Amino acid sequence: MSMQQVIMPSPIGNITIQSTSKGISYVGFYPVEIMQTEEVNEHTLTPILICISELNEYFNGDRTAFSVPLDTKGTDFQKQVWRALMNVEFGASKSYQDIALAINNPKAVRAVGAANGKNPISIIVPCHRIIGANGKLTGYAGGLSRKEWLLRHEGIL
């Protein structure tokens, strides 16, 4: 399977975007080593081009939801948590407990936190919208300063 990678500048630093021919597989703040196994062509670059466009619209304040196709890799539980994160709307925040309840597994709060931390598609799968039950900012793979910026950008803080 072909995998492509680009680095996109943004208001919160460079963003690494990776894509397979099926969709976006990684959006994050740290480069990840990949092996390219197929020639780059219009079909393999389409998800990345859509992602760049949608992220630019988001940062410009013109987009509140994403439609770019995704190709996530993770356990079934992680994917269930990530789908629940996609339901946390722009301008809203939830707690780990809220997500555990949303997936009908109220005792899985810590596991939800771990799955949230393994989210490979930052911003688009909005793990930054998950805060502590006490309203405090909790960890974020991109760093708390980026999380705070994203929450302020969305009007949450």
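**Entry 1: salt bridges**

I began with R63 and found that it forms a salt bridge with E54, the closest N and O atoms being 3.8 Å apart. My cut-off for a salt bridge is a side-chain nitrogen of Lys or Arg within 4 Å of a carboxyl oxygen of Asp or Glu. Before going on, I noted that this is a predicted model, where local features need pLDDT of at least 70 and side-chain atom pairs count only at pLDDT 80 or more, while totals for chains, interfaces and linings use all residues. I also noted that residues are numbered from 1 along each chain as its sequence is written, and that side-chain values use heavy atoms, with hydrogens and water left out.

Why would such pairs form at all? Side chains of opposite charge can pair when their charged atoms come close.

Next I checked what else R63 does. It also forms a salt bridge with E57, and there the closest N and O atoms are 2.7 Å apart. So I wrote down E54, E57 and R63 as linked in a network of salt bridges.

Are E54 and E57 buried or exposed, or something in between? I used these limits: buried is under 20% relative accessible area, exposed is over 50%, and partly exposed is in between, with a 1.4 Å probe and protein chains only. E54 is buried at 5%, whereas E57 is partly exposed at 28%.

Then I looked at E154, which forms a salt bridge with R129, the closest N and O atoms being 2.6 Å apart. E154 lies in the segment after α5 (144-153) and R129 in the loop between α4 (109-117) and α5, so the pair ties together parts that are 25 residues apart in sequence. The helix and strand labels are DSSP runs numbered from the N terminus: helices are H or I with at least four residues, strands are E with at least two. Both E154 and R129 are buried. For the whole structure I wrote down five salt bridges.

**Entry 2: cysteines**

How many disulfides does a search of the whole structure find? It finds zero, with a disulfide taken as a pair of cysteine sulfur atoms within 2.5 Å. I looked up two cysteines anyway: C51 is buried with a relative accessible area of 0%, and C127 is buried with 6%.

Which residues of α2 are buried? I listed Q78, V81, W82, A84 and L85. They cover an arc of only 155° around the axis, which puts them on the same side of α2. The arc is that of the directions from the helix axis to the C-beta atoms. On the face turned away from that buried side, α2 carries the exposed residues D76 and R83. The cover over the buried residues of α2 includes α3 and α4.

I followed up on α4. Helix α2 (residues 76-85) packs with α4 at an angle of about 80°, their axes 9 Å apart. That makes α2 roughly perpendicular to α4. For reference, angles under 35 degrees count as roughly parallel, over 145 as roughly antiparallel, 65 to 115 as roughly perpendicular and the rest as oblique. The axes are lines fitted to C-alpha atoms, for helices over the stretch in contact, and angles run from 0 to 180 degrees between N-to-C directions. On the α2 side I found F77, Q78, V81, W82 and L85, which meet A111, V112, A115 and N116 in α4; contact means heavy atoms within 4.5 Å.

For α5, the buried residues are R146, K147, L150 and L151. They fall within an arc of 135° seen down the axis, so they line one face of the helix. Just after α5, G155 takes a positive phi of about 80°.

**Entry 3: loops and a strand**

N104 has a phi near 60°, a positive value in a residue other than glycine. N104 sits in the loop between α3 (96-102) and α4 and counts as exposed at 72%. I123 also isn't a glycine, yet has a positive phi of about 70°. I123 lies in the loop between α4 and α5 and is buried at 1%.

P120 is found in the loop between α4 and α5 and counts as buried at 14%. Leaving out residues up to four places away in sequence, P120 touches S25, Y26, V27 and W82. I finished with S25, which lies in strand β3 (residues 24-28) and is buried at 11%.
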